[in-house]
Amino acid sequence: MTLTADFALRRGALDLRVRLCVGADETVALVGPNGAGKSTCLGVLAGALAIDAGRVACGDAIWDEPSTGRFVPPEARGVGVVFQEPLLFEHLSIEGNVAFGPRALGVPRGEARARARAWLERTGVTLDPRTRPAALSGGQAQRVTLARALAREPRALLLDEPLSAVDASGKDALRRELAVHLRAFDGPRLVVAHDAADAAALADRIVVLEAGRVVQEGTLAELAARPGSRYVGDLVGLNVFAGVADGRRVRVAGGDAVLVVATDARGEVLVALHPRAVSLFPQRPAGSPRNVWSAVVAAVEPSLDRVRVRLDGPVPVVAEVTPGAVDELGLAGGARVWVAIKATEFVVTPR
Amino acid sequence: MTRVGRSFPRGLAPLAVLAGLFLLAPLAGLLARVPWADLLERLASDAVLDALVLSLQSSLAAALLVVVLGLPLAAWLASGRSSLRAVVRVLVTLPMVLPPVVGGVALLLAFGRSGLVGEPLARLFGVQFTFAFAGVVVAATYVALPFFVLTAESGLRGLDARLPTVAATLGASPWRVFTRVTLPAVAPALGAGLVLAWARALGEFGATITFAGNLEGATRTMPLAVHTALESDPEAAIVLSLLMVAVSAGLLFALRRRWFVGATTR
């Protein structure tokens with residue numbers, strides 16, 4: 001059973017035209033900048049929003065098709081939804097919350113409660129089933145929410161940034177558990193993800209949504225190999241510049257700076273550059289690099305075992321250096337350094 | 001513990017104290033004139049008890065009607081934005097801002113014996129509102145309805161729209177979502193609206209005396225009894241007033257947690 005959506009929807013300033021397909025045994029991560037329309041997409045699939053044109057379907061069942069007037073309301077779609085915030089029913093115990101779905105579907109009270117307890121256990125909630133939602137931590141609340149979504153035995157699972165309301169200390173554990181539950185789920189899964197780590201950990205495939213359009217899809221490695229936009233570059237930690245190529249020279253958009261690259265191209269291109277390929281020097285370096293300019297350190301951010309250095313200059317770039325280099329070069333906000341990049345380090349993609 | 005962000009500029013203190021004193025003065029004036037010696041005897045008189053029972057019965061009946069009629073209306077008003085809703089909201093708010101006596105005149109012209117609705121009702125079903133308990137309830141419902149509808153609507157509008165959506169995705173029908181999720185979630189707002197509406201119904205005077213009349217034992221509620229006694233027996237009026245203050249304050253105190261959400265310590 002494949003979840004397919006090919007639709008147009010206008011909502012305020014947002015103009016969505018999306019073609020999306022989630023296979024029966026696959027987890028797709030939907031990523032994109034704020035306001036790109038990710039949550040709206042989720043609302044369309046869940047049945048909270050009706051589309052203007054196109055079709056939303058799950059296997060043979062058509063859920064929404066304005067041309068034929070067909071619209072299946074959310075209660076009849078059989079999708080499990082987990083939102084950013086837990087949105088638990090505060091007047092019910094956690095057991096009551098998880099049993100809500102089965103009860104709504106006509107399962108007798110005792111059986112619904114037993115099912116709720118089983119799902120709470122399976123999702124790692126070891127609390128008293130009578131606990132009120134208000135007493136839960138963010139991570140526990142999201143586990144209960146997941147149990148609630150799974151207990152109604154949905155055909156498809158939709159998660160909207162399920163980790164964003166969880167504090168950093170609980171995030172890693174919950175991400176791992178979530179990955180296990182998603183893999184074990186029999187049916188299409190769609191996760192709106194906030195960052196590359198979540199997307200890579202939870203999903204088989206990443207779909208990038210920008211300004212209401214799908215701009216790129218693939219695995220994280222595929223996206224990193226050829227980032228299709230500045231956003232994707234940021235997502236995978238790369239520098240990405242838009243520009244106009246003329247042979248091996250690329251004029252960077254929004255300035256006079258020219259990059260010398262190693263591949264021939266003409267017209268509009270995107271140039272990607274790994275932060276580790278950016279070399280920093282205290283004085284103007286002699287020798288082979290073709291791209292050299294003076295820059296000012298804007299920010300220094302530790303990142304795992306490396307340090308990311310944001311640099312202002314004719315072309316703003318992020319460099320990744322060792323902590324040792326930070327001391328050696330005296331890298332701190334306002335410091336002046338020389339940037340050098342080899343022409344062969346740029347990956348040029350025509351647009 | 002003093003909370004940051006809840007500070008109180010001292011310059012406001014004199015006016016705040018003045019406001020408190022202003023609210024206290026009428027109560028003090030009333031208490032100073034209470035005939036304490038024969039208070040119990042006067043309270044136990046038939047006229048007083050009749051008025052009290054009638055007031056409680058009619059205001060509770062009105063409160064019930066207000067919920068039965070007002071909740072569906074509030075739910076519809078909260079369910080979207082349209083010009084029709086804006087018009088209906090004006091209609092709902094009208095009894096709140098109209099002088100009650102004008103409401104009474106309007107009710108008389110609609111539900112009176114020769115009124116637009118009252119005439120057929122009387123002819124077909126023998127229903128009569130003038131000088132009848134039903135009239136008292138109708139008048140109280142008319143003036144109290146806006147308090148409940150507007151409070152309930154604002155509560156329903158404040159509800160996170162994703163909560164009903166979650167319930168729907170769990171397989172709940174719209175009716176089940178409304179009764180099992182929406183209503184419990186907005187219960188504090190409904191409670192507050194109910195208290196406001198009930199208090200308004202209990203204090204109703206102008207519309208009642210104009211529409212239902214002032215007949216002892218039938219339509220003479222506490223406020224009407226106070227008004228009537230003021231001319232013939234001022235001490236009786238004071239006793240009745242004291243009783244109303246006691247009943248109102250008692251109920252407000254009992255319901256304080258529901259009404260002043262966040263203002264009381266648990």
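In what order do the 5 strands of the open sheet in chain A follow one another? The order is β14-β18-β15-β16-β17, with antiparallel pairing. Strands of a sheet pair through backbone hydrogen bonds, either parallel or antiparallel. This is a predicted model, in which local features need pLDDT of at least 70 and side-chain atom pairs count only at pLDDT 80 or more, while totals for chains, interfaces and linings use all residues. Residues are numbered from 1 along each chain as its sequence is written, and chains are lettered from A and ligands numbered from 1 in the order in which they are written.

Helices (H or I, at least four residues) and strands (E, at least two) are DSSP runs, numbered from the N terminus, and two strands pair if DSSP finds at least two bridges between them. At the edges of the sheet lie β14 (279-281) and β17 (317-321) of chain A, each of which pairs on one side only. On average, neighbouring strands are turned by 45° against each other, direction ignored; here the axes are lines fitted to C-alpha atoms, for helices over the stretch in contact, and angles run from 0 to 180 degrees between N-to-C directions. Between β14(A) and β18 (residues 336-341) of chain A, which run antiparallel, there are 3 bridges. L280(A) has V339(A) in β18(A) as its bridge partner.

The loop between α9 (323-329) and β18 of chain A holds G334(A). This glycine is exposed because 8 other C-beta atoms lie within 10 Å (buried means 20 or more other C-beta atoms within 10 Å, exposed 12 or fewer, partly exposed in between, with C-beta atoms placed from the backbone). Leaving aside neighbours within four places in sequence, G334(A) is in contact with V296(A) and V297(A), contact meaning that C-beta atoms, placed from the backbone, lie within 7 Å.

Turning to chain B, the model shows 14 helices and 0 strands. Its C-alpha atoms fill a box of roughly 65 × 65 × 30 Å along the principal axes, and 35% of its 266 residues count as buried. Among contacts in chain B with a separation of 6 or more, 74% come from residues 24 or more positions apart.

Where the chains meet, 19 residues from chain A and 15 residues from chain B take part. On the side of chain B that touches chain A, α8 (162-169) and α9 (174-185) of chain B each supply at least two residues. The largest share of that side, 6 residues, comes from α8(B).

Key
Contact = placed C-beta atoms within 7 Å.
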